[in-house]
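Subject: Structure handover

Hello,

Here is the structure you were expecting. Please open it alongside this note; what I found follows below.

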Amino acid sequence: VQLQASGGGLVQAGGSLRLSCLASGSIFSIDAMAWYRQATGKQRELVARINSGDSANYADSVKGRFTVSRDSARNTLYLQMSSLKPEDTAVYYCNAAVITTDWRRIESWGQGTLVTVSS
């Protein structure tokens, strides 16, 4: 199972970006999917998580600014980021809890996409 994240880039403070994460491989189903981020010198932190029923939760620091969504038919996870702040600068990683076609439950990570917010 592979996760491919995309959509990062350089944006000015107050701007918006949309991240995408496509899951591929021997996937039977996907349970929860999530976005994490890691800024330089800091630990990786949860940004947003969405379960298979589309119920989402967010880190306090992004509530009201970020929206997580998924297209289960396309095994794709999204993160719409608005009102970006310099402190949102980080590498963003997608994560998925996957049931494989041979009935294993695995946790898969994407390679990360860099978001840089300039002041």
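A residue is called buried when its relative accessible area is under 20%, exposed when over 50%, and partly exposed in between (1.4 Å probe, protein chains only). At 0% relative accessibility, A48 therefore counts as buried.

Two notes on the source. This is a predicted model, where local features need pLDDT of at least 70, side-chain atom pairs count only at pLDDT 80 or more, and totals for chains, interfaces and linings use all residues. Residues are numbered from 1 along each chain as its sequence is written, and side-chain values use heavy atoms, with hydrogens and water left out.

Overall build

The protein has 11 strands and zero helices. Both are DSSP runs numbered from the N terminus: helices are H or I with at least four residues, strands are E with at least two. The C-alpha atoms fill a box of roughly 50 × 25 × 20 Å along the principal axes. The radius of gyration is 14 Å, which agrees with the value near 14 Å for a compact globule of 119 residues. That radius is taken over C-alpha atoms, and the globule rule is 2.2 Å times the number of residues to the power 0.38.

Of the 119 residues, 41% are buried. Contact means heavy atoms within 4.5 Å. Among contacts between residues at least 6 apart in sequence, 53% join residues at least 24 apart.

The disulfide

How many disulfides does a search of the whole structure find? It finds one. The term covers a pair of cysteine sulfur atoms within 2.5 Å. Here the partners are C21 and C94, with their sulfur atoms 2.1 Å apart. C21 lies in strand 3 (residues 17-24) and C94 in strand 9 (residues 90-100), so the pair ties together parts that are 73 residues apart in sequence. The torsion about the S-S bond is about 65°, so this disulfide is right-handed. C21 is buried, at 1% relative accessibility. C94 is buried as well, at 0%.

Around A48

Back to A48. Its place is in strand 5 (residues 45-50). Leaving aside neighbours within four places in sequence, A48 is in contact with M33, A34, W35, N57, Y58, V68 and L79. T67 is 19 residues from A48 in sequence, and the two are 8.0 Å apart in space, C-alpha to C-alpha.

Best wishes
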